[in-house]
Amino acid sequence: MARFFCPLPLHTGDAVSLPPSAARHVQVLRLQPGDGITLFNGEGGEYAATVTRMGRSDVDVSIGAHTPLEREAPCAVHVLAGITANERMDWLVEKATELGAASLTPITAERSVLKLKGERADKKGAHWQAVAVAASEQCGRNRVTRIDPACSLADWLARHPATVQTGLRLVLSLSVGSQALKTAVQAHTHITLLSGPEGGLTPAEEAQALAAGFLPVSLGPRVLRAETAPLAVLAALTL
């Protein structure tokens, strides 16, 4: 059954009009009054719903039973991802959502090919959030990975100093002496993961992270692409 994100208060028995993005998707699928769909609003569980009216650009539904079903990972992982080239960043957001990332902050690192600020950053952020919504609809999650506004590593660290850190902080590193991921993680349930863009973090950026309480970890002897490395960690931690 088709699933749609509907960021509205949902209650059994209510009649609601779907938001524009969901309405367009229903129309593309050529659904008709009487057809069943599944809705979720990111607040927990999902709702059965029935299409009641198809307009030119709007769709009305009746909300049915709520099912308190969650498909979240046992470990909440917050990803700080160095911004990569356009298509690769879209792919990273999509797959990170499928693998259960709780949130993702695009980091404008020194070696990032794509530099974002102002209106362009806002548009990219909205685009990546839409990618995360679509991925949640597809994979069955009833929560949506939150895409935070893009920022520099220094700005993020200033807002999240080591003195108030929650959970474990990890930075993917090729430096000698980095721990194996499995050794560092153990039984933690809240993890912040920092991963660089193409070319990795600079030594200065990595030093900033270490000073802020991040532990350097390694994924082994192979060097993974910027969009692959954080997904490998998510797969190891959340599946």
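In these notes I count Ala, Val, Leu, Ile, Met, Phe, Trp, Tyr, Cys and Pro as nonpolar, Asp, Glu, Lys and Arg as charged, and the others, Gly among them, as polar. The model I am reading is a predicted one.

**Entry 1: the second largest pocket**

I began with the second largest pocket, where I find about 300 Å³ of space. I list 17 residues in its lining, and those closest to the centre are His78, Arg146, Trp156, His160 and Thr192. Sorted by class, this lining holds 8 polar, 5 nonpolar and 4 charged residues. The largest share comes from β11, which gives 3 residues to the lining.

**Entry 2: the largest pocket**

For the largest pocket I note a volume of about 450 Å³. Its lining consists of 24 residues, of which Leu172, Ser173, Leu174, Gly200 and Leu224 are the closest to the centre. Helix α6 (203–211) and strand β12 (215–218) are elements that each supply at least two residues to this lining. By class I record 11 nonpolar, 9 polar and 4 charged residues there.

**Entry 3: the chain as a whole**

I next stepped back to the whole protein chain, for which I count 7 helices and 12 strands. Along the principal axes its C-alpha trace spans about 60 × 40 × 35 Å. Of the 239 residues in the chain, 45% are buried. Looking at contacts between residues at least 6 apart in sequence, I find that 70% of them join residues at least 24 apart.

**Entry 4: the sheet of 7 strands**

I traced an open sheet of 7 strands with parallel pairing, and its order reads β8-β7-β6-β11-β9-β12-β10. Its edges are formed by β8 (146–147) and β10 (179–180), each of which pairs on one side only. Within this sheet I looked at β6 and β7, which run parallel and are joined by 5 bridges. Gly82 is the residue that I find opposite Ile107 of β7. Helix α2 (residues 86–98) packs on the sheet and touches β6, β7 and β8, while its direction makes about 160 degrees with that of β7.

**Entry 5: the sheet of 5 strands**

The other sheet I followed is also open, with 5 strands in the order β1-β3-β4-β5-β2 and with mixed pairing. Which strands lie at its edges? They are β1 (3–5) and β2 (15–17), and each pairs on one side only. On average, neighbouring strands of this sheet are turned by 40 degrees against each other when direction is ignored. I checked the pairing of β3 (residues 36–40) with β4 (residues 46–54), and here the strands run antiparallel and are joined by 4 bridges. One residue I followed across is Ile37, whose bridge partner in β4 is Ala49. Helix α1 (residues 20–28) packs on this sheet, where it touches β1, β4 and β5 (59–67), and its direction makes about 160 degrees with that of β1. Helix α3 (residues 118–139) lies across β1 and β3, and I note that it runs at about 150 degrees to β1.

**Entry 6: Leu168**

I then turned to Leu168, which I place in strand β9 (residues 168–172). As a distance check I took Thr50, which is 118 residues from Leu168 in sequence and 43 Å from it in space, C-alpha to C-alpha.

**Entry 7: Glu198**

Finally I looked up Glu198, which sits in the loop between β11 and α6. With neighbours within four places in sequence left aside, its contacts are Ile83, Thr84, Ala85, Arg88, Arg111, Val113 and Ala226. I also took the distance from Glu198 to Leu80, and these residues, 118 apart along the chain, have C-alpha atoms separated by 14 Å.

Technical notes:
Residues are numbered from 1 along each chain as its sequence is written. This is a predicted model: local features need pLDDT of at least 70, side-chain atom pairs count only at pLDDT 80 or more; totals for chains, interfaces and linings use all residues. Side-chain values use heavy atoms; hydrogens and water are left out. On a 1 Å grid over the protein atoms alone, a cavity is a set of points where a 1.4 Å probe fits but cannot get out, and a pocket is an open set with protein on both sides within 12 Å along at least five of seven lines; lining residues have an atom within 4 Å of a point. Grid points are joined across faces, edges and corners, and a volume is the space filled by probe spheres set on the points. Two strands pair if DSSP finds at least two bridges between them. Contact means heavy atoms within 4.5 Å. Axes are lines fitted to C-alpha atoms, for helices over the stretch in contact, and angles run from 0 to 180 degrees between N-to-C directions. Buried means under 20% relative accessible area, exposed over 50%, partly exposed in between (1.4 Å probe, protein chains only).
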